[in-house]
Amino acid sequence: MSNSAGLFSSSLGRKYLMALTGLFLCSFLVIHLIGNVALFTDPVQFNEYTRFMSSNPLIRIMEIVLVVGFLTHIIDAILLTKANKAAQPVKYAMDKKKSTWYSRNMGLTGTIILVFLIIHLQSFWYGYKFGVIEMAEDSSGAAIKDMYTMVLAAFSQWWYAAIYVVGMILLGTHLSHGFQSAFQSMGLRHKKYTPTIQKVGTAFALAMTLGFISFPIYFYIIQL
Amino acid sequence: MKDLFDNIPDGPLADKWTKYKAEAKLVNPSNRRNIDIIVVGTGLAGGAAAASLGEMGFNVKAFCFQDSPRRAHSIAAQGGINAAKNYQNDGDSTYRLFYDTIKGGDYRSREANVYRLAEVSANIIDQCVAQGVPFAREYGGLLDNRSFGGVQVQRTFYAKGQTGQQLLIGAYQALSRQIHKGTVTMYNRHEMMEIVKIDGKARGIIARNLITGAVERHSAHAVVVASGGYGNVFFLSTNAMGSNVTAAWKSYKSGAHFANSCYVQIHPTCIPVTGDHQSKLTLMSESLRNDGRIWVPKKKEDSQAIAKGEKTALDIAEDDRDYYLERRYPAFGNLVPRDVASRAAKERCDAGFGVNKTGQAVFLDFADAIARFGKDGVEARYGNLFQMYEKITAENPYEMPMKIYPAIHYTMGGVWVDYNLQTAVPGLFAAGEANFSDHGANRLGASALMQGLADGYFVLPYTISNYLADDIRTGAISTEHTEFEQAEKNVQDRLDFFMNNKGTKTVDYFHKKLGKVMWEKCGMARNKQGLEEAIVEIKAIRDEFWKDVKIPGVQNSFNQELEKAGRVADFIELGDLMCRDALNREESCGGHFREEHRTEEGEAMRNDDDYAYVAAWKYKGDNETPELHKEDLKFENIELKQRSYK
Amino acid sequence: MNITLKVWRQNGADDKGRIVEYKMSDISPDMSFLEMMDVLNEELITKGDDPVAFDHDCREGICGMCSMYINGEPHGPEDLITTCQLHMRSFKDGDTIYVEPFRAAAFPVIKDLVVDRTAFDAIIQVGGYVSVNTSGNTQDANSLPVPKADADKAFDAATCIGCGACVATCKNSSAMLFTAAKISHLALLPQGKVEAQERALNMVEKMDELGFGNCTNTGDCEVQCPKGISLENIALMNREFLGASLKSEK
């Protein structure tokens, strides 16, 4: 086997890939969350932000990169899970693990997050691009797609808001293992710095979860 | 009878090995791959030998009964390995290590072998460090040493309490490298069942595949037996459960001599037996005696109260404690050699002062050490040992003195070999604890690892080449020889017997029974009457065994009871020989203490005039008395002295 | 003590295997777990049944031969010990104890609780050593000082006993902790540094080939390791392998 060509087909190579795509997706989450803060400002600003995000060529390119990142993360996860299942074909009659539930169920949380993602994209990305959408005015008075109202309408339904809450909690558990795990996979571990990385990971997971949850809850409550 | 040739080279002691190496015959590299060598056992001696012979280009077949060569019982050695490096500048030298080893062995070992051992000891450390053995180091990055076993220099290299493990892993790694290169073929989970001799030479073995039960023939131009010691003859010992004498015993039965079998080492600091269910004894490192004080109550009623659980050690006032080692041996105190400390414990317990339910335990007390160094200081020194003790006994040794008792630990006796480590059977070599060669009647601490590696890395490669130089035209040895057929049939018959015997008792039943006789009558102290009784009792056990042993399961499968049956059958025969050897040796020396031979103060008394010889026994047939052959020990460089620790 | 055992019985590799229940009475809390198994086997043999096959040898926690998944954990409920160091006082009177073999595709069952761990040997054979021949002329042991911190870390990694508890407890049956322990042990010492990268490439490749799973960083291996081998070693292996893969000209 050629070592460099084999890098990403080896078990460790796949770990690196999981780690790198995972961290990349984390960076996306940060951007997404910051952008969403516009929802708390005013409808016009948010709608302009949405228009910018869907028309800027650089962002469009990044969108493709993002899709590739997601697909790689998902396909790699499927390959790894398949190999891992095959490595332990017989299960124990009695099994007590001391690790956290979420660290052992990244595949499950990942899958649910994927389902959530599809729902989310269907509602907003697809809805925005191809659906029937009301128009509003931007700051200069020109017509603009009214994403804000769309969000408002979506989160007025309790079950829809609930899907978001559950999805984001699972994302939080996924991140709390995934973030620090990525550093370990890349070999970045140090007695002095690793505890900090772990704390940052937990804080990051918490920030993302609370941040993203705040939108459905806020918009559901104000429309009660 | 005298037919034992030690084959020691001429010349001054210090030059013998150099001269031997210079004159030894060699095998051309291109011929080596056509020569097969079988190595039985993959501990320090066997593993090191197999790896080194493989590196030289011989075609090696290595056998072990464990599931991996890394599990050999060398792994359990704790303390360290001696080497005359003199890194501490305390006056150590090859000669001093040689002298200490001869003296420690109570003047019952061969000068030339021991000198060679001391000479190659330094190479061992170099070799192991080059292999990546993580010895303890000082802050400057250089190797650390400690003193061990009551010698006056710091020459013991160590890796925490896991020196044996680290050295064995080093040898295992070297062996693995050769397996990968194809020079060594590894046979895990295989038991050596018989030596095959053709025209008087060792030419192969019969082995049983322990997974499938298949009986296999393996041929070679030379066979090395490095199968360890026979301490399990006592059933309870610090040996691994699988440690056995079978390979060495088959060597004996095929014509090699079995020497000095009565020399067994009893380690004073083991965790006492708690009941009949006990399968194994656990050693606590000897280093504990550096700071722990050994005592029993002065009053019998206190001992009895402690045994019943009515009192604890803490209830016994200082004045009512008998620090018997300090009392009897003021110069060395708690640091007297292993045999002396062990016998003293037995003496107190036999007199009724033992401090547990079985009456066989003494206290090892760290209260003074804790007062002196603080609990943290003691923890830094012995933390892992204290933890191990607490895990096994559920008692906290920081608060309550440890209870200890001696246990069988190492066997100095073994297959008789000459200077080449070759037995009386040409082409059959024995190395490590399996041979008798270097420790005399008592082994010094941290010398077992040294001997195993010396034999495997630095002695056998020369001596086997020297032997095989005459074999380059022999060609591959066929396993179709009638001798192979016969040997295989013997093995098969024995297996068939076990499987078809409609007995009622398990193998362990006999093993425990044998162990009890051996421990009581051929253990720490022996006497004529006891030994004679033991021989009769062992005969009875043997008869009962062959009549009433019960083996479940089938032969052609994984059958652990069948494995044990073969081993115990050999232990029973060995037990008989040990008693005969102990009976013959009318003196007390090292690990052999005859109650009839002691000074007025009760100390061991050697008889150099009549017994400065190796007692090598030759097998004469199953129901025949073995024949004693004597190899006189010549001391040309050392003056014989009585050991004193007063 | 009275104990109910639920033991995995499997007569050879081809047998399907099943859990069989045994009632044990009069068990002393001072017995080790394996001594309790000895008692069970004595009873089975006397009754004419096949005893339970299990691996064991030194019975002092260093050879790595004993295995067994006891009540859902490799080497049983206590930390930092092997099965042979587990005592019955760790259980309560009336307990039910599950005893199963280590489970992994790479560790096929031989019989009952005995599994074949030669896959570990195979990993070592492709590079878990320093390529040095025996000779009386290797350089003096003290000619190359090793920083104490490195030597200590190498030692900690080298205390691995190759028992396979890490593989057994890992939900993916990954051998990363075992493999990493050897890679770290040797990479941290100057003697082993020379071939560190080649070693990492070869050992990881072999590990993958043998059917061990991947690491998902759950950390169960570290918790269950009887010698407390740290996940730090896996991180070191990850670094070594990455560097080696990028640098390798093959």
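Mentor: An axis is a line fitted to C-alpha atoms, for helices over the stretch in contact, and an angle between two axes runs from 0 to 180 degrees between the N-to-C directions. Please keep in mind throughout that this is a predicted model.

Trainee: At roughly what angle do the axes of helix α2 and helix α10 of chain A cross?

Mentor: Helix α2 of chain A covers residues 11-36 and helix α10 of chain A covers residues 194-222, and their axes come within 10 Å of each other. The crossing is left-handed. The angle at which these two axes cross is roughly 35°.

Trainee: Which residues of α10(A) make the contact?

Mentor: On the side of α2(A), the contact is made by A:Leu29, A:Leu33 and A:Asn36. Counted by class over both helices, the contact has 5 nonpolar residues, 2 polar ones and no charged ones. From α10(A), the residues that take part are A:Met208, A:Gly211, A:Phe212 and A:Phe215.

Trainee: How far apart are the closest C-alpha atoms of chain A and chain B?

Mentor: Residues count as being in contact if their C-beta atoms, placed from the backbone, lie within 7 Å. No contact of this kind joins chain A and chain B, although 36 residues of chain A are in contact with 39 residues of chain C. Between chain A and chain B, the closest C-alpha atoms are separated by 18 Å.

Trainee: Which chains have the most contacts among the 2 pairs that touch?

Mentor: The side of chain A that touches chain C divides into 15 nonpolar, 13 polar and 8 charged residues. The contact between chain C and chain B takes 66 residues from each of them. Among the 2 pairs of chains that touch, the pair with the most contacts is chains B and C.

Trainee: Which element gives the most residues to the side of chain C that touches chain B?

Mentor: Several elements of chain C give two or more residues to this side, among them β6 (109-111), α2 (118-125) and α3 (148-158). By class, the side of chain C that touches chain B has 29 nonpolar, 21 polar and 16 charged residues. The element that gives the most, with 7 residues, is α1(C).

Trainee: Which strands stand at the edges of the open sheet in chain B?

Mentor: The sheet has 5 strands in the order β5-β2-β1-β9-β17, with parallel pairing, and the twist averages 20° from one strand to the next. Each edge strand has a single partner, so one of its sides is left without a neighbour in the sheet. The strands in this position are β5 (184-187) and β17 (428-430) of chain B.

Trainee: Which residue in β9(B) stands opposite B:Ile38?

Mentor: Strand β1 (residues 36-40) and strand β9 (residues 222-225) of chain B pair in the parallel sense over 4 bridges. Helix α12 (residues 448-468) of chain B lies across β1, β9 and β17, running at about 155° to β9(B). Opposite B:Ile38, the residue found in β9(B) is B:Val223.

Trainee: Which element gives the most residues to the side of domain 1 of chain B that touches domain 3 of chain B?

Mentor: The domain assignment of chain B gives three parts, of which domain 3 covers 502-632, and the C-alpha centres of domain 1 and domain 3 lie 24 Å apart. Their contact takes 34 residues from domain 1 and 38 residues from domain 3. On the domain 1 side, two or more residues each come from α7 (246-253) and β10 (258-259) of chain B. The element that gives the most, with 4 residues, is α7(B).

Methods: Residues numbered from 1 in each chain as written. Chains lettered and ligands numbered in written order. Predicted model: local features only at pLDDT ≥ 70, side-chain atom pairs only at ≥ 80, totals over all residues. Left-handed = near helix turned anticlockwise from the far one by under 90°. Nonpolar A, V, L, I, M, F, W, Y, C, P; charged D, E, K, R; others polar. Pairing = 2+ DSSP bridges. Domains from an automatic or database assignment.
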